[in-house]
Amino acid sequence: MAVVSRMLAQNPPPATPSPAPPTAPASGVRRLGGFVPGQQRPPGDPVQIAHGKALYGVSCTSCHGADLRGGDLGGPNLLRSQVALSDQNGELIIPIIHGSRQDQGMPAIPLNPEDAAAVAAYIRSVVETIGNQGKPPSVGKEAPSILVGDATAGQAYFAAKCGSCHSATGDLAGIATKIDDPKTLQTMWVSGGGRRRRMPVAVAVTRRTITVSVTLPSGETVEGRLVQIDDFLVTVGLADGTVRTFRRDDGVPKVEVHDPMKAHRDLLAVYTDKDIHDVTAYLVTLK
Amino acid sequence: MTLTRLLLAAPLLLSTAALLGQSESGLDPADLLKPLKDAWPSYNGDYSGKRYSALDQINRSNVQHLTLAWMCRVTSGPAQGGRGFGRPSVIIGGEGPGDIFTGGGTIKSAVLEVDGALYFTMPDNAWAVDARDGTELWHYFWKTKGGTHIGNRGLGMWHKTLYMETPDDYLVALDSSTGKERWHKPIADLAQGYFSTPAPLVVGNHVLVGTGDDIDAPGFVQSFDPETGDLQWKFFTVPMKKGDVGLESWGNLDAARHGGGQAWVTGVYDPETKLYIFGTGNPTPAFTMGTRGPGDNLFTSALVAINVDTGKLGWYYSTSPHDMHDYDSAQTPILVDAMYHGKMRKLVVTAARNGYFFTLDRVTGEHLVTSKYGLDTNWAKGLNKVGAPIFDPEKNATVAGSLVSPTSDGTTNWEPSSFSPDTGLFYVAQDNGYSLFYLIDVDPRGSMGLGGKEEAQVGSGGSFLTAIDYATGKTVWTRPYYGRGGGGGLLTTAGKLLFAGDGSENLVAHDISNGKPLWHTRIGEVTNAPQTYLLDGHQYLIVATGDTLWSFVLY
């Protein structure tokens, strides 16, 4: 249910760039975040949790896993267990530890009530670390290498498809030094540097700048950066830093947009995943 | 006063009350059975989900004269907002502590129009405003306990009671005249990750309620008694015990019970068969097979029909069997009675988030038509024997990255599409975004929820207003958008118009026959589907942008 980015995309952008959200909530106000945003649970006792963790390691790990996501002996993932998620104070977990689910294969564990409560507290403390949209706590700390491609094949592909605009000794010289993470580099080159909706008025013209020429009925042609376009208006950024906006009516005036990044977008329907991995394997050699 | 005089006077008294949005009787559930015309009494306006209004006062020949009637900006939260003299104070409910900051808020809800009043929501907030001038009549605010505050799709109405779901999983019943709370009932456990966004749908003496969840939790639809709020039935969208239909499509029962399939968008209803038909969300874990097994993972990413009186399964159809890209099928299906291969058929049509369009028989669930309407859709390799796309394992999230269209946002999403009986065409706004899907959780046990992948959106093949022939699935025409168009959803009318936001901050009236824009107004990014109603003999058009509701009219 990945609706988050779409929903945020529907909100108008802020007028000015917002500062990064504070890591600590403002006093008296709790912010939303994490697996159950805003949910309030009493903080656990660190001593009890540490005790529970040790007991868990002895009695639970082999079935439920060191990370609680299921172990070698087939016990279920506790981090997505409705019982573990709903447990407030051991009231749901402790009876199961003591054998209430033997008919479902969960043996009775001989822990005294205090120790069972400590294990429950430890489980809750790990549940608290589940990430946004149910992401397991351990994921993303060590990303595996994305480099699986053939650099030689990538070089040939680059020469054939990219060489008319790009050069390994020109604009892309040292690209793998400038962007030393292969995944970031791959995402960057496949996207061509990303897409923008509305161009800021004051921005330096680069080789990626989208330009537009507007030919008026009088024959006058106005050329410049494309600031904004829709079915009804087109706004041109002129060399002197001013803008002109034209009304559009049934193809009048004539508007021609020149988007140097169009070639990148058109290639999205053409690349195979192998092409992409090969080119990335080649680009990471451009140190 | 003679009896005759009394009878003559009664409608006058009633209409005075109606002027204030305070009709004595409120909304008769039987009125919900009427095709969409003067009022807008439910999420889609009528049960069919067509979002086609029979109003034609605003039409192709005069839409250029459409003008602003009023606008109304609302302030979410417990502080007094609104405008005008003697504005009402906020009515506060809820079980939360009152100090959880949930941000501003955006109107993504349908707006009910009944007896001259409009009713709409943001998460934790409900409002009534005067349909004639936008004056706030009341504002209800719910103090939350937390949960994902991504959106709220609006209210359901039964006589004089309105129903709202909250992000912390309550069903709240409000008096439509005053905004005062009648009762609230828990509908799911927040601690298990559930959050609730749909607009409840009233059918007879049922209030139908769905919920959402992103972690590995079972989806369900519940029916509540409109008077008491008591639970009538609960239908799980995944198998929950041995013997349940669909269990063989899962690796094991534990996987099924954590399999997702959330019912997070309001469905449609067929009075003849008594079937409530709705779409379900992705299976979980979403991007890894884990213990899900190689099967279809029923009834996730599917259309599901259940009997509204019993909550029992009628039929199901997987639109993304064994989904691997978070392609929920939780869009609004549309019920159409139309010719198919020379026979009048009772159909249900839907353009799914995965880039495929489907026509089914809505009585039996029999598959009739599949087409790929997403111009760049590339994740599947053909269709199975019942016409559903077969996922290409090469296009699953991989460590090295796979380039997939659409993105997990989909070719479309929750935004309602529309069907016009005048043209026989189905209308949807499609977006052909591409993402690199990187697998970052290689654990053979599978990841959890929507975790385990990174998704980088790398460009788009374009966004298009799209008209599809229901009988063939063929795209009849497309019209390109400069932005990502259709953001809040679509409306068609008997005035031969199609209304939608264009993704470039315009509300646009299109000629329904070819998509040509005939009228527009630059009001900001549209955030809900345009709607229309008739009041005092005038047809109004309303739409929301962020925290603002706009109303247009022909004078």
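1. In chain B, β17(B) and β18(B) form a hairpin with six residues between them, and B:Gly229 in the turn has a positive phi of about 80 degrees. Strands here are DSSP runs (E, at least two residues), as helices are (H or I, at least four), numbered from the N terminus. The model is predicted, so that local features need pLDDT of at least 70 and side-chain atom pairs count only at pLDDT 80 or more, whereas totals for chains, interfaces and linings use all residues. Residues are numbered from 1 along each chain as its sequence is written, with chains lettered from A and ligands numbered from 1 in the order in which they are written.

2. Strand β17(B) is joined by five bridges to β18 (residues 231-236) of chain B and by four to β15 (residues 206-210) of chain B, both pairings being antiparallel; strands pair if DSSP finds at least two bridges between them. B:Gln222 has B:Lys234 as its bridge partner in β18(B) and stands opposite B:Val209.

3. All five residues of β17 (220-224) of chain B are buried (20 or more other C-beta atoms, placed from the backbone, within 10 Å of the residue's own). B:Phe220, B:Gln222 and B:Phe224 point one way, while B:Val221 and B:Ser223 point the other way.

4. Between the chains, 60 residues of chain A are in contact with 73 residues of chain B (C-beta atoms, placed from the backbone, within 7 Å). The elements of chain A that give two or more residues to this side include α1 (4-10), α9 (182-191) and α11 (273-283).

Methods:
Contact = placed C-beta atoms within 7 Å. Buried ≥ 20, exposed ≤ 12 C-beta atoms within 10 Å, placed from the backbone.
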